[in-house]
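Please look at the model shown here and work through the questions that come after it. Each answer is meant to be followed with the structure in view.

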Amino acid sequence: MRKLKLYNTLTLKKEEFKPINRGRVGLYTCGPTVYNYAHIGNLRTYIFEDILKRVLKFNGYKVKHVMNVTDVGHLTGDRDMGEDKLEQGARREGKSAWEIADFYWAAFRKDMQRLNLSEPDVWCKATDHIKEQIELVKKLEEKGLTYKTGDGIYFDTAKFPGYNKLSHQPLAALQEGARVEKNDEKKNPTDFALWKFSPPLNLPLSKGEKVSRGKRQMEWDSPWGKGFPGWHIECSAMSMKYLSEEEDIHCGGIDHINIHHTNEIAQSEAASGKKFFNWWMHGAFLNLVGGDKMAKSADNFLNLENAFIKNSVNPLAYRYSALSIHYRKPMEYRADAIAPAATALNNLYDEFLVLQKSFFQGKPDAKLLSKFTANVNDDLNMPQALAVAWEVIKSNLSGKTKRATLLEFDKVLGFGLNDLKRKKTAVPPAIIKLAEERQKARQAKDWQKADEIRKKVKREGYIIEDKNNNQFEIKTN
Ligand code: AMP
Ligand code: ZN
């Protein structure tokens, strides 16, 4: 088997992957903050993590995958300012914060299924682990690394040498970034909350608020008084509980590098005296065309439902698009790029369905399998790996060999080739509408218009075939 190389944000290099324990990988991926649907940007990161996990298994490793569910403590500002996102979601929808968390966690699991993302071995909710988080804060307190302000217990980042080792930014730049969300009581701008005190009742209305926030729904007793954990502490406490203090790979999106993961490393390594994770891997962002970042809080928020399901496009077309761009390169979202991805996936399915009819069982082709493996093992080069899948289809290998090879590849690609009929991409309603318009134009003998529509539909990857009695059929190009 070719060596597996993975890019490590800690060293800024592609390095040969070696787990701490032979044959076994501990993998922690930061999970969803469940106050809203996951947007397709979030889902890009989960697709990258799913590919990573599949590639590790493809290389014969046993993977223990832990994913948290953030259902408390993530404030609207990433640096401990603003309102808890769950409490805000509850106010928005007139439900309890607990109902909000249950609802959006279930919605997230449904999205995972639709994208063929395999579930973690351990799901852990922050609110189920308040005790473990308090214990970890106590440990840091005993070591003299914390201090108290009017609104919580903070970690003193000046006491952790190497605070910037993941971000590779000068400390001054991190501090400058932190000053944007100002808290005058902090000793250093980069210090972060480990435990927040419940805000006092009868707070004055903040800007834009019509209803007072009232009492927090999520709060717990602690040695420091009633309150709730800071956002970062949950990942440290649960990673140590379900994996260990010293582990293999920790992932998230690139936005986590400078704050969330930097703080996780500081508090975990300060508490245990051990190296928290050897590999830190980060997925680049999905951006809207024009460079705007996609945020759950912004209006430009697209989820699987409104970007795919509503338009009758198989969500796996999104998985296909995400795989056609390397996970460390930014991806642009273009609504008009979805139809070609759906077509490409559909074509792959069509080709495979023909092979599926072959009665004989084959073996994967050794040469192409080795080429595929070399690509996935080269820091998850999925665009190249996809190209090898097409090379198989276009080759003159026998049908049974092609089928066996593609099924082997699909262990990583995850397009559900084994289970095809259910997942075949439907023709989008917009294309059907265009075909109907063309039919009307033909009946009115407006040949020019009919031809223009035919070309437009073709550019989207579909062909209209005319049948008798004014009927037509739409095929993928
Ligand atoms: P959240 O639910 O906000 O905690 O984010 C879930 C995951 O999505 C995290 O790993 C983030 O780093 C990642 N993420 C957030 N926005 C984007 C985006 N536009 N593109 C890719 N990943 C993102
Ligand atoms: Zn995390």
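Predicted model: local features only at pLDDT ≥ 70, side-chain atom pairs only at ≥ 80, totals over all residues.

Residues are numbered from 1 along each chain as its sequence is written, chains are lettered from A and ligands numbered from 1 in the order in which they are written, and side-chain values use heavy atoms, with hydrogens and water left out.

Q: What is the volume of the largest cavity?
A: A cavity is a set of points, on a 1 Å grid over the protein atoms alone, where a 1.4 Å probe fits but cannot get out. Grid points are joined across faces, edges and corners, and the volume is the space filled by probe spheres set on the points. The structure holds 4 cavities of 30 Å³ or more, and the largest cavity has a volume of about 90 Å³.

Q: Which element gives the most to the lining of the largest cavity?
A: Helices are DSSP runs of H or I with at least four residues, strands are runs of E with at least two, and both are numbered from the N terminus. At least two lining residues each are supplied by α1 (40–58), α9 (316–323) and α12 (382–394). The element that gives the most, with 4 residues, is α1.

Q: How many residues of the lining of the second largest cavity are charged?
A: About 60 Å³ of space lies in the second largest cavity, and among the residues that line it are Glu-49, Asp-50 and Lys-53. Asp, Glu, Lys and Arg count as charged, Ala, Val, Leu, Ile, Met, Phe, Trp, Tyr, Cys and Pro as nonpolar, and the others, Gly among them, as polar. By these classes the lining has 4 nonpolar and 3 polar residues, and the number of charged residues is 3.

Q: Which residues of the lining lie nearest the centre of the largest pocket?
A: A pocket is an open set of points with protein on both sides within 12 Å along at least five of seven lines. The largest pocket has a volume of about 680 Å³, and its lining divides into 11 nonpolar, 16 polar and 7 charged residues. Of the 34 residues that line the pocket, those nearest its centre are His-39, Asn-42, His-74, Lys-85 and Asp-255.

Q: Which residues are buried in α16?
A: Helix α16 (residues 447–459) has 13 residues and reaches 18 Å from its first C-alpha to its last. Buried means under 20% relative accessible area, exposed over 50% and partly exposed in between, with a 1.4 Å probe and protein chains only. The exposed residues Trp-447, Gln-448 and Arg-459 are on the face turned away from the buried side of α16, and the buried residues in α16 are Ala-450, Ile-453 and Val-457.

Q: Is Lys-433 buried or exposed?
A: Lys-433 has its place in helix α15 (residues 429–443). Because its relative accessibility is 54%, Lys-433 counts as exposed.

Definitions and conventions
Expected span 1.5 Å × (residues − 1).
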